[in-house]
Amino acid sequence: MTTSTVERGRATPAPTATSSKARHEDRAALGFLAPFVVLYLLLIIGPAIYGLVMSFFNTSLVKPGLSSFAGLGNYAGALSSSDFWSSLWHTIWFTILTTPPLIVLAFVLALLADRFARGRWFFRLAFFAPYVMPSAVVALIWLWLYTPGLGLLEKGLGLIGITAPNWLGDPAWAMPSLALTTVWWTLGFNFVLYLAGLQEISRELYEAASIDGASPWQQIRYITIPLLGRTTTLVAVLQVIASLKVFDQMYIMTSGGPNFTTRSVLQYVYDEGFTNFRVGYASAVSMLFFLVVLAVSAVWFRLVQGQEKEV
Amino acid sequence: MMKESAGSGLPGHAGAALSRRGLLRGAAGFAGLGALTSLTGCSSSALSGLTTSRETAGSVEYWNLFGGGDGVRMQDMEQGFQKSHPGVGLSAVTFAWGNPYYTKLSLATIGQKPPDVAVAHLTRMKSLVAAGLVQELSQQELAAAGLTADKFSRRPWEAGLVGGKVYAIPLDTHPFVMFYNTDVCKKAGLLAEDGSLAPLNSPDAFRNALSKAKAVTGVTGATLAITNEIPTPWRIFQCFYSQLGGQMLAQEGTEVTIDDAKALQVLQFLRSLTAQGLIPPALDYQGSIATFANGDAGFFFQGEWEISTFQTAKMPFGMTLFPNVFGGDKYAVQADSHTLLVPRQPTDDPAQRQRALQFIRSMLDQSKTWAEGGHIPAWLPYRDTPEYKQLRPQSNYATADAAAVYDPEGWYSGSGSNFEIVTGSSIGAVLSGQLTPQAGLAQMRTKLQALASTPSPI
C-alpha cells in the first residue's frame, strides 16, 4: 500500500532494452534486494503465517507445539467477547483523536516554518526532536506532567485559575491525554514530510499568483494545498495506520486503565497472549485486527486518493 | 511504537535508501558484536542465544526480576556467592518485573535453554510447575544442601509445595504493610508512650487515625496508589477481604466464589475512605510515595519493599503490620513470596543441579542483606536470630509471614496476572469513585467468571 503511493509518481520504464540486458539488471536488482527480502520473509511473513496457523489452534505460551485444533473457536470467542470489541473501539477512538490534529497541525507548522528563509533548520529540529525519542522516554516525561497532585500541567493550569482534570485517572480524559502526548511526540514526522513537499513547490507559481493579485490565503488555498495533495495522501494513510497500531503509550502510561478504558486492541492481544498464555486466541484476535486495519486502510486510501484526483 | 517499528515500511526514495544503509550498518555492527564477544571469550547471553549449546561447565546461570533497591541488594548477594564459591562462575541476568520476565523464563525453558536457577513469585511458580517447566527437588539433594523444611518459615514453605512435593525454595515473604510518619502520628496523638503506633483494629479506629493525621497535615490522612495502578487496589482489598474470611476462587480457579456480602462491605469501607477525603482518590504510584515522603500524609499503604525509598528520603517513618481492621482475633494480610527454583533442564546433570542448590543456599545464607530491604526472611537460621529481631522497622511486621494470604490458585492468577488486572481495575474504579461498590463487584465477578470458564492453556 505505502509503496504504491510512491511508485505511482514514477513513470514505468519502457521495455526498450534488449531482453538479456533487462534480465541481467533484474538479477542485479534481486541481489541487492536479497538481504531485505530474506529478513522480510524471515521476520515478517514467516511469523505472520505461523500466527495465522496458531489462530486455529489452542496454542499455549507455556507448552511446546500447537496443542489441540480449535477450528474457528478462537475467532468465535473473540467476536463474542465484549473485551475484544471495547478494546477495538478504544483503538479506533484513539485514531480518530490523533489523526486530524497530526495532519492539520503538521501542515500549519510546516507552512509557518517554511516562511523562514533563515533559521528553518531550527524549527525543523525543534518539531522533529520529540519524534526521535523512544516511546518509553516520552511516556515517562508525560507521566510526570500528568501526575495528579504534583504534575506540572496541574500546577501550571492552577496558576491561571483552571482546575486541571485528572488527566490519566479520569476515564473521560485518559484517552484525550494519551492523544495529546502522541501528537506532541509524532508530529515531527508529518511536519518534515510536509516541509519537504513545500520546498518542492516552485517559487515562480507564487510569484505569478501575487502578480495576478492573489492574496496569501488564496495562494495557500489554490497553490499550496493542491500541490501538496500527494504529500497529504501519504501523510494521511501513514498516520491512520500508525495510530491504529498504538500500544506503547497505553501500556506504559495507563496499563490500559482506568478500568480498561484505554486498553487498545494490541494490548488486549498482549494481555491474552503473554499474560494469559493463550497465544492461539491472541493470534486470532491479531488476525481479526489485521482485517480491520486492511479494511480501514483500503477505504481511507480510496477516499483520500479520490479527493486528490478531484483537485 | 508508532512509525519507527519494523513493518510499517518507511515509504519513498529517502526511506528506501536509508533503510538499506541502515541495514548494512546494522549488519556490520552485528558482526562486530559477534567478533567482540568471541574475542573476549565471554559466553554472553546474546551469543548463546544464537548458538545451540550453552557453556555450563562449572558455572551457574541465574535469572531474576529485581530492580530498584532489591536489584542492588541482589547484586551484593551475587557478589557474596562469588566470594564464597570462587571456583564457580556466575552469570546473572535481570529482566523487567512481571510478565516480560515470566514469558522469557517459560520460552527459554520450552526452548531448552533454561537458566540453572531462576526467581519466581510463589503465586506464579505454581503455573510454571503445572506447565511442567520446573524441576522437582528430591529430599536427598535438598538434605545434602541443608535445605530442609525445618529451616524455613512454615507458611511460605507449605504454600510453595505442589502435591506435597518441593519445586521451589522460598526466599522471603513480602506482605502489604502500613508505613506511618512518626512526626505526624505523634502530633496526632496516635503513638503510645514507647513510641509505637496504637493498634488500629477496627473500622472506626482506622478511620479515626486517618482523620487525626489529616488534621495534622492539613492535606490528607493516608496515601494509596490508585491512578494507573493495578495491583495496589487489589492488595488492600485482599487484606480486608481475607480478614473477613472471604475467598475469591476455588477448584484451581475454575470456580468464582466471591462472598458478595463481605466483598461489598470491604468495597464500601474503602470507598468511604476516599469519599471522605481521608485517602486521595487520584494519586498514582509515584504520587502516593511523594505525598507521603513530603509529610503530607500520616500513613502510606504498600508492600514493604518501599522501605529503601523512605530511608533514602531520610524522613521520620515507621512500619508495622497492615492493621487488622476486620479480623478480630485472627489476622490476615495479602502477601507473596520470592522463591528460587531450578527450571526443567534438557539434560540431567547432577553436578549442575548441585551447583544450583549451592547457589540457592548461598542466597539464603545472605538473608540478612535481603531482610534489610524489607522482606521477611524465610530462612529460620537468620529469622530466629536476635540480630533480625533488632532490625527495625523491618522486624515490626515479621509475624505477617504466618498470616500471609497468597493470591488464589488458578492458571490466570498470581502476581502481575490477569486476575490482578481484573480485580485491581474494578477495585481501583470503586476507590476513585468511577464505579459504585455494587457495580465494581458485578464487573469483577463477570470478568473473573469469563476467565474461570476458559479452559486452562497450561
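Reply: What follows is a set of questions and answers about strands in chain B of this predicted model.

Me: Why are strand 5 and strand 11 of chain B said to pair?

Reply: Two strands pair if there are at least two bridges between them, and strand 5 (residues 172–181) and strand 11 of chain B share 2 bridges, in the antiparallel sense, so they are called paired. In strand 11, Ala335(B) is the bridge partner of Pro175(B).

Me: What makes strand 11 and strand 14 of chain B a pair, and in which sense do they run?

Reply: Strand 11 and strand 14 (residues 404–405) of chain B are joined by 2 bridges in the parallel sense, and because at least two are required, the term applies. Here Gln334(B) stands opposite Val405(B) of strand 14.

Me: Which way do the residues of strand 11 point, and are they buried or exposed?

Reply: Val333(B) and Ala335(B) point one way while Gln334(B) and Asp336(B) point the other way, and all are buried; each therefore has 20 or more other C-beta atoms within 10 Å of its own.

Me: Why are strand 2 and strand 4 of chain B called edge strands?

Reply: In chain B, 5 strands form an open sheet of mixed pairing, in the order 2-1-3-12-4. Strand 2 (89–94) and strand 4 (168–170) each pair on one side only, and they are the edge strands.

Me: How do you know that strand 3 and strand 12 of chain B pair?

Reply: Strand 3 (residues 117–121) and strand 12 (residues 338–341) of chain B have 4 bridges between them, in the antiparallel sense, and since at least two are needed, they pair. His121(B) stands opposite His338(B) of strand 12.

Key: Residues numbered from 1 in each chain as written. Chains lettered and ligands numbered in written order. Predicted model: local features only at pLDDT ≥ 70, side-chain atom pairs only at ≥ 80, totals over all residues. Buried ≥ 20, exposed ≤ 12 C-beta atoms within 10 Å, placed from the backbone.
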